[in-house]
Amino acid sequence: MKLTDWKELTWQGYLRAGGRMGIRNKTLVVYTVECASHVAREIVRTVNRPDVEVIGFGGCTDNAYAIRLLCSLVTHPNVGAVLAVGLGCEYTRADRLAKAASHAGREAAHLFIQENGGTTLSIKKGVEIVYDMLKKLENTPRASMGFGDLVIGAECGGSDFTSGLAGNVVVGKFYDMLEEMGGTPIFEEIVEAVGLKDILLRRAADEKAREQLACTYEKALAYCKSVHQYSVSPGNFAGGLTTIEEKSMGAFAKSGSKPIRGVLKAAMTPPGKGLWLLDSTPDPHFMQFGITNPNDNEGLMALISCGCHLTILVTGRGNVTGSAAAPVVKVTGNHDTYVKMEEDMDFDAGPVLEGRASPEEMAEALLRYIAGICGGQRTKAEKLGHREFCIPYKYQDKEVIVRQCERSI
């Protein structure tokens with residue numbers, strides 16, 4: 001098919017208040033402190049439906065970053081209903097979270113375990129609330145949706161030598177196609193651009209974007225130095241990578257070739273269409289860096305918090321993860337990995353290395369696969385019931401994308 005034909009392809013999305021559309025119609029049961037996690041999980045387990053998922057934040061003390069992420073998730077275009085579950089004495093208030101969801105036009109409710117008589121009564125009430133929500137969601141309006149309406153995030157994890165030669169390359173070609181169709185691709189992992197500053201800045205769409213990219217790069221480099229660790233692991237070395245620069249070149253390939261419009265923070269909706277970089281690295285704060293827990297699930301949740309309808313995870317060595325709120329499409333450039341982990345891996349980009357297909361041909365095949373997912377087909381992780389998530393304590397400035405960077409940080 002020609003790109004113009006793909007651009008005309010549509011499916012039925014779920015229409016939300018304000019005009020946004022989702023590719024799923026999920027009900028989220030959200031706990032606001034670890035003390036409430038058991039009750040929330042038991043509500044979801046009892047209802048036992050794939051469109052009802054649990055998500056939450058385990059911390060008890062105040063953290064604006066986590067609250068922003070939760071607010072963005074309960075108003076995500078793939079979410080139609082929210083039940084917020086709190087213990088009752090934590091900083092992150094379940095009632096306020098439900099209120100944010102309600103203001104965004106979602107079915108919303110909350111309960112506090114302390115006020116509801118404890119575990120058993122809270123589970124019973126929560127199940128009743130969820131069943132009532134599911135009944136109401138049957139009347140969710142539908143609307144025509146296409147690639148130009150999509151926000152898609154990408155990151156890589158468990159990389160090997162095939163990631164930079166095939167997996168990320170195919171995703172980069174797909175991203176170019178998505179951008180040309182009017183969609184919004186977002187790529188993450190600025191800490192996997194170490195050594196590529198000049199290459200990164202050459203991709204800036206304008207001077208403002210160039211300044212944002214430069215400051216974001218310097219901050220990420222300073223962060224890596226401060227924690228004495230770069231984004232490279234023993235598994236990467238075993239997979240044939242040798243240096244962080246080599247891994248960075250492969251990781252950056254997933255961004256494609258289009259101009260980078262600017263930098264987003266977690267829980268920020270892109271201000272316009274086109275390609276964006278998501279900065280999930282903690283900002284400096286009172287001479288200290290925020291606490292973070294870098295892993296694939298944290299990165300995926302940060303992308304989803306920006307409104308990504310689905311995410312792509314490129315992995316040469318293989319991965320089993322899914323995610324709450326949005327589907328995860330797992331791509332590998334290693335055919336052996338795909339064969340060994342076919343139950344979990346969605347897309348095999350290995351034919352590029354074997355000379356059986358060009359990156360452009362595989363990108364179109366990925367486009368076809370993703371069109372099916374948007375139309376209602378389930379990813380491997382969705383079929384297996386994977387619903388992983390990670391929302392850590394972290395400090396990131398909400399209002400300012402780029403500060404006056406101190407190069408000596």
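Is C71 buried, exposed or partly exposed? C71 is partly exposed, with a relative accessible area of 27%, where buried means under 20%, exposed over 50% and partly exposed in between, using a 1.4 Å probe and protein chains only. This is a predicted model, in which local features need pLDDT of at least 70 and side-chain atom pairs count only at pLDDT 80 or more, while totals for chains, interfaces and linings use all residues. Residues are numbered from 1 along each chain as its sequence is written, and side-chain values use heavy atoms, with hydrogens and water left out.

**Cysteines**
- C156 is buried, at a relative accessible area of 1%.
- The structure holds zero disulfides, a disulfide being a pair of cysteine sulfur atoms within 2.5 Å.

**Helix α11**
- Because 10 of the 10 residues of helix α11 (residues 296–305) are buried, this helix is largely enclosed by the rest of the structure; helices are DSSP runs of H or I with at least four residues, and strands are runs of E with at least two, numbered from the N terminus.
- After α11 comes G307, which has a positive phi near 95°.

**Sheet β2-β1-β7**
- Three strands form an open sheet in the order β2-β1-β7 with antiparallel pairing, and two strands pair if DSSP finds at least two bridges between them.
- β2 (21–22) and β7 (142–146) are at the edges with a single partner strand each, so one side of each lacks a neighbour in the sheet.
- Strand β1 (residues 10–15) is joined to β2 by two bridges, and L15 stands opposite M21 in β2.

**Residue L353**
- L353 lies in the loop between β16 (347–348) and α13 (359–374), and its relative accessibility of 39% makes L353 partly exposed.
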